[in-house]
Amino acid sequence: MKTNLLGLDRKGLEKFFLELGEKSFRAQQVLQWIHFNGVKDVALMTNLSKSLRDKLIDIAEIHAPEVAYENTSPDNTHKWVLRLQDGNCIETVFIPEKTRGTLCVSSQVGCTLNCDFCSTGKQGFNRNLTIAEIIGQVWVAVRSLSNKNGEHDHKITNVVMMGMGEPLLNFDNVVSAMDIMLDDFGYGLSKRRVTLSTAGVVPAMYKLREVSDVALAVSLHAPNDDLRNVLVPLNKKYPLKDLMAVCKEFFNDEKRRYVTMEYVMLAGVNDSPDHAKQLISLLKNVRAKVNLIPFNPFPHTIYQRSDDVTIDRFREILMNAGINAITRKTRGDRIDAACGQLVGQVKDRTKRNERYKEKISRIFLAQDC
Ligand code: SAH
């Protein structure tokens with residue numbers, strides 16, 4: 001089988017070339033051709049010798065996921081559905097703003113965590129994405145956006161690992177893909193502009209701190225264990241005490257960096273002034289800022305979005321206590337590209353999707369009677 005060079009970070013490429021009896025600087029050249037220049041055809045890599053190019057054509061390939069479908073929402077959010085070689089599909093979303101362009105990247109086909117308010121979880125899970133499939137989303141998006149008009153508005157300045165899946169449960173592949181995003185010869189993004197979001201896989205968070213410099217977001221969503229156990233079942237394994245301990249430590253030697261706490265606003269569930277007060281005491285001594293995310297509905301969910309007044313009141317209580325809190329603008333919901341709406345096409349191996357559909361149809365049948 002040919003080696004997919006798209007899936008090798010700088011270290012991987014160095015090893016690959018050393019094994020071929022080549023100098024390690026070839027890694028930098030090839031990284032630059034593939035990611036910086038977007039070249040897929042080895043024959044075009046003109047600073048490699050002809051004999052090396054011929055060798056590479058025999059043993060290697062550059063294979064990116066294929067665009068199965070794409071769509072732009074009225075607010076210019078752009079979604080790609082990408083088909084993988086095994087027929088699974090994943091989703092990637094680009095969110096243009098005045099001063100930046102953010103690409104939301106998936107890390108798994110589906111998700112194992114089954115957070116109650118997230119439609120990705122309801123799809124079940126198939127497998128981890130490979131490095132090539134993760135960085136391939138950036139590769140495809142950069143090429144696709146540069147073919148569109150008004151190129152300036154379409155530059156990717158930020159990447160968030162907030163698409164389908166739990167990135168820390170696909171640790172090695174996600175870290176390698178992020179290394180390519182940060183590499184000057186890859187995408188050259190700054191460490192503050194690549195964010196990994198986790199539901200709180202505590203041991204992997206300690207490990208991440210050792211090996212990567214990227215920004216961290218935590219899907220908190222509840223200020224106490226009882227509620228969080230329901231919304232984010234992973235909390236039963238890694239409760240808030242342990243999660244807050246790692247968050248406290250995460251940027252403790254970098255004075256100007258904060259952990260972003262994501263908090264989805266669910267009407268009547270986690271959005272009262274008392275919840276805000278609990279959140280304030282939870283975040284005491286944690287270098288954190290809060291992103292309030294208005295809930296994005298999906299078919300058959302039992303949750304509803306908090307209204308704007310409630311969200312504003314919640315935010316004000318946090319701000320008055322000295323916690324920096326912003327409300328995330330809802331983007332892309334018209335094309336199902338907003339947070340928690342990414343579903344792809346998962347060949348579910350957990351049967352969760354089937355069970356969920358069954359449960360839902362039972363509820364609806366009961367209501368009909
Ligand atoms: N598993 C990781 C990465 C997914 S990020 C994590 O949990 O952080 C996706 C973000 O969108 C998370 O903060 C998630 O909690 C949030 N989200 C999920 N479903 C949502 C929904 N229906 N409406 C708004 N935000 C949602």
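A residue counts as buried when its relative accessible area is under 20%, as exposed when that area is over 50%, and as partly exposed in between. The structure described here is a predicted model.

By this scale Arg-10, with a relative accessible area of 24%, is partly exposed. Asp-183, at 12%, is buried. The side chains of Arg-10 and Asp-183 meet in a salt bridge, with 2.8 Å from N to O. Arg-10 belongs to helix α1 (residues 10–19), while Asp-183 sits in the loop between α6 (171–182) and β10 (194–198), so this pair ties together parts that are 173 residues apart in sequence. Side chains of opposite charge can pair when their charged atoms come close. In this model the count comes to 16 salt bridges.

Two further pairs link strands. Arg-83 forms a salt bridge with Glu-66, and the closest N and O atoms are 3.3 Å apart. Here Arg-83 lies in strand β4 (residues 78–83) and Glu-66 in strand β3 (residues 66–72), so the pair ties together parts that are 17 residues apart in sequence. Arg-83 is partly exposed at 35% relative accessibility, and Glu-66 is partly exposed at 46%.

Strand β4 also holds Lys-79, which meets Glu-91 of strand β5 (residues 89–96), so that pair ties together parts that are 12 residues apart in sequence. The salt bridge between the side chains of Glu-91 and Lys-79 spans 3.3 Å from N to O. Both ends of this pair fall under the 20% cut-off for buried residues: Glu-91 is buried at 4% relative accessibility, and Lys-79 is buried at 8%. Elsewhere, salt bridges that share partners join Asp-86, Arg-127 and Glu-133 into one network.

The chain as a whole is divided into domain 1 (3–61) and domain 2 (66–358). Their C-alpha centres lie 32 Å apart. The contact between the two domains takes 15 residues from domain 1 and 13 residues from domain 2.

The lining is made up of 21 residues, of which Asn-4, His-63, Gln-85, Thr-130 and Ala-132 lie nearest the centre of the pocket. Two elements, β1 (3–4) and α5 (131–146), each give two or more residues to this lining. The most comes from α5, with three residues. Sorted by class, the lining of the second largest pocket has eight nonpolar, six polar and seven charged residues.

Most residues other than glycine have a negative phi, and most peptide bonds are trans. Asn-114 has a positive phi, near 55 degrees. This residue is in the loop between β7 (108–110) and α4 (119–122), and at 25% relative accessibility Asn-114 is partly exposed. His-300 also has a positive phi, near 70 degrees. The loop that holds His-300 runs between β13 (288–294) and α11 (308–320). With a relative accessible area of 44%, His-300 is partly exposed.

Key
Residues are numbered from 1 along each chain as its sequence is written. This is a predicted model: local features need pLDDT of at least 70, side-chain atom pairs count only at pLDDT 80 or more; totals for chains, interfaces and linings use all residues. Side-chain values use heavy atoms; hydrogens and water are left out. A salt bridge is a side-chain nitrogen of Lys or Arg within 4 Å of a carboxyl oxygen of Asp or Glu. Helices (H or I, at least four residues) and strands (E, at least two) are DSSP runs, numbered from the N terminus. Buried means under 20% relative accessible area, exposed over 50%, partly exposed in between (1.4 Å probe, protein chains only). On a 1 Å grid over the protein atoms alone, a cavity is a set of points where a 1.4 Å probe fits but cannot get out, and a pocket is an open set with protein on both sides within 12 Å along at least five of seven lines; lining residues have an atom within 4 Å of a point. Ala, Val, Leu, Ile, Met, Phe, Trp, Tyr, Cys and Pro count as nonpolar, Asp, Glu, Lys and Arg as charged, and the others, Gly among them, as polar. Domain bounds come from an automatic or database domain assignment. Contact means heavy atoms within 4.5 Å.
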